[in-house]
Amino acid sequence: MRFRHRAAAGFATLLLPLAGLVGLAGPAQAATNATATYTKTSDWGTGFGGQWTIKNTGTTSISSWTVEWDFPSGTSVTSAWDADVTNSGTHWTAKNKSYNGSIAPGASVSFGFNGAGSGSPSNCKLNDDSCDGTTVPGDAAPSAPGTPTASDVTDTSAKLSWSAATDDKGVKNYDVLRDGKVVSTVTTTSYTDTGLSAGTDYSYTVQARDTADQTGPVSGAVAVHTTGGTTTPPPTGGTKVKLGYFTEWGIYGRNYNVKNLVTSGSASKITHINYAFGNVTGGQCAIGDSYADYDKAFTADQSVSGVADTWDQPLRGNFNQLRELKAKYPNIKVLWSFGGWTWSGGFGQAAQNPAAFAQSCYNLVKDPRWADVFDGIDIDWEYPNACGLSCDTSGAAAFKNVMAALRAKFGSSALVTAAVTADGSSGGKIEAADYAGAASYVDWYNVMSYDFFGAWDAKGPTAPHSPLTSYSGIPKAGYTTADAMAAYKAIGVPANKLLIGIGFYGRGWTGVTQDAPGGTATGPAAGTYEQGIEDYKVLKTSCPVTGTVAGTAYAHCGSNWWSYDTPATIAGKMSWAKAQGLGGAFFWEFSGDTSDGELVSAINSNL
């Protein structure tokens, strides 16, 4: 509900490429008798120093030089010396100054720069030829090969075949990637991968290389399940959904990576992950943070597989880590969630042309680079035909129309879900949109049964932000989990399409003298990332529980008053959810839990 998903506060600052640092040098000669080499001279985490050295390996002087290279998205030059550096997108060009263009035989010159990001250069050219002194056959990179097909699958091997890529000068070979990592390079359009584990899921893609070692785009992915082994068990607890949100920005200040799902033990206790968030802008689905999503290189100790990312692998970032997680835990399904509190303003335009919006989302989710990572799409529109960070006036039918278009485009095999309001008050947000009509198109609703009350009402009264039921003195009738679920059931939404929501954080006030709810306050309590909000893992020791009310906990310590869920209150909520016939539970979000995942364990063991 209110003030939920403050995504913008956690994003890394966007890096804007330098548009160009002065003029251009004169024409260059061929580089078949010259080389250019790159050295990273320093690294300070968010940036680095780099140096290029151009050496004349021939017998005649070079009068001018131009070095070109590509940086991955998110890496850029911020300043340079002894060269004029310009860029076009991720392609960078450095030309000599007036005083260092001439290089005698056997001599060399260098230029340096400071950069932002963590990527390394690729596709280097010196005076339109390869930087290693060999002639480049052509500028064009190869096309993507056809999506592989699998055959002759056994307990320990699988044969892959694909249609050839094209290139203006010819394809030299193909890289075969298993779960995003190169396992072999072959000259033919087939490969048999061996040494696999029985009864295990793998994902394969292929990319072509030309004679200059330029790599083309990666192919579509094929999933392979080896024979033998034990039968893949169903998710723990039968068919109940146990879903957690993973935030793309959590890898920054929170230092919470996909690998933490493994080390905490949480990965074995969930069924689904919502990856938050993709943006909604211009009536279309869009990337939220490209660096976090698919570019950041994780070190070996940060990686699910224990293998460090390389600068030239086709997919890095959170998407590749999720791919590695799914290879390790084949039962987990991943949905890409779009919108959230900050990015819901774009849904109004999307609702004007639902079919075009659905097509854009499909194109992005099914992008061949990561199509195997995602099992569906989640829409987090806060709120259709009502007010959140901004007010939407799309009309009561807009939400239903959007969900219908998404289902039509994604088909019956993909998951299509939505996060929805828990405002069960009379005349509240549940009544503002056709949630009943849209229900036939979704697999389930994530009912956001938290953030009912908080320190946006700076003077109180203090109240639990996630009450299960009503209680004497509640500030607003209908602001409870039970009221929300009853309202959805009353309009015809099936109980098994409703998930109860759990917050892995607390909301709090300061200037409070009273233990029980209903006290006055002077403002929001201090929080690590935002005033009035704090992770459970911090609160459990910094402000232990004082009492419980309406199925959730509260704590009064000093002048601060907090409310939050604990393993004990989660156990009660899960019992209630089962008794109501609900489809399961979801939570916001993984990084608020303890390092050993005690809140996820409470959901799993009680649901």
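Which strands and helices do the buried residues of α9 pack against? The legends below start there. This is a predicted model, with local features needing pLDDT of at least 70 and side-chain atom pairs counting only at pLDDT 80 or more, while totals for chains, interfaces and linings use all residues. Residues are numbered from 1 along each chain as its sequence is written, and side-chain values use heavy atoms, with hydrogens and water left out.

View 1. Helix α9 spans residues 481–490, and its buried residues are T481, A484, M485 and Y488. (Buried means under 20% relative accessible area, exposed over 50%, partly exposed in between, with a 1.4 Å probe and protein chains only; helices are DSSP runs of H or I, at least four residues, and strands are runs of E, at least two, numbered from the N terminus.) These residues cover an arc of only 95° around the axis, so they sit on the same side of α9; the arc is that of the directions from the helix axis to the C-beta atoms. As for what they pack against, the answer is β22 (415–420), α8 (435–438), β23 (444–447), β24 (498–503) and α11 (567–579). Just after α9 comes G492, with a positive phi of about 105°.

**View 2. V420 in strand β22.** V420 belongs to strand β22, and it counts as buried because its relative accessibility is 1%. Leaving aside neighbours within four places in sequence, V420 is in contact (heavy atoms within 4.5 Å) with F399, Y435, Y445, N446, V447, M448 and Y488. Y488 is also one of the buried residues of α9. V420 and P384 are 36 residues apart in sequence, and their C-alpha atoms are 9.2 Å apart.

**View 3. Strand β20 between its pairing partners.** Strand β20 (residues 333–339) has 6 of its 7 residues buried, so the rest of the structure largely encloses it. It runs parallel to strand β18 (residues 272–281), joined by 6 bridges, and Y275 stands opposite W336 in β20. Two strands pair if DSSP finds at least two bridges between them. β20 also pairs with strand β21 (residues 376–380), again in the parallel sense, over 5 bridges; here G339 has D380 in β21 as its bridge partner.

**View 4. An open, antiparallel sheet.** Here 5 strands line up in the order β5-β6-β3-β8-β9, with antiparallel pairing. β5 (84–88) and β9 (129–130) stand at the edges with a single partner strand each, so one side of each has no neighbour in the sheet. β5 pairs with strand β6 (residues 91–95) over 5 antiparallel bridges, and T86 has T93 in β6 as its bridge partner.
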